[in-house]
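The sequence and structure come first.

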Amino acid sequence: MATITVRYFAAAAEAAGRDQEQLTVDGPDAASTVGALRAELLGRYGEPMAKVLRSGSFLVDGTVSRDDARPLGATVDILPPFAGG
């Protein structure tokens, strides 16, 4: 069993209603990959989080990933799409 810190930024924090939370990963159905975490967050936070995740990204232990098969690390940041230039 492991605990993952999930941190939310900007629109992701608004969708989750918090800046961060701890998720416990235990068993085959646990959020142990980016894809499983995505499904967990969609189940918890619905359409507001879905809008963020459509074009946002996951920062897994400091590395940006959109690969659903990528294993999670100790910390995952949920980053909304950034505008700018």
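## Nonpolar core

Of the 21 residues in the largest nonpolar core, which touch the most other members? They are Tyr-8, Leu-37, Leu-41, Met-49, Phe-58, Val-76 and Ile-78. A nonpolar core here is a set of buried Ala, Val, Leu, Ile, Met, Phe, Trp, Tyr and Cys residues joined through side-chain atoms within 4.5 Å. At least two residues of this core come from each of β1 (2-8), α1 (11-16), β2 (20-25), α2 (34-55), β3 (57-60) and β5 (75-79). Helix α2 gives the most, seven residues. Helices (H or I, at least four residues) and strands (E, at least two) are DSSP runs, numbered from the N terminus.

## Basis of the model

The model is predicted: local features need pLDDT of at least 70, side-chain atom pairs count only at pLDDT 80 or more, and totals for chains, interfaces and linings use all residues. Residues are numbered from 1 along each chain as its sequence is written, and side-chain values use heavy atoms, with hydrogens and water left out.

## Aromatic pair

The whole structure holds one aromatic pair (ring centres within 6.5 Å; planes under 30 degrees apart are stacked, over 60 edge-to-face, the rest tilted). The ring centres of Tyr-8 and Tyr-45 are 6.2 Å apart and the planes meet at 80°, so the pair is edge-to-face. Tyr-8 lies in strand β1 and Tyr-45 in helix α2, 37 residues apart. Both are buried.

## Ser-57

Ser-57, in strand β3, is buried, with a relative accessible area of 7%. Buried means under 20% relative accessible area, exposed over 50%, partly exposed in between (1.4 Å probe, protein chains only). Leaving aside residues up to four places away in sequence, Ser-57 touches (heavy atoms within 4.5 Å) Val-64, Ser-65, Arg-66, Asp-77, Ile-78 and Leu-79.

Technical notes. Phe/Tyr/Trp six-rings, centres within 6.5 Å; stacked < 30°, edge-to-face > 60°.
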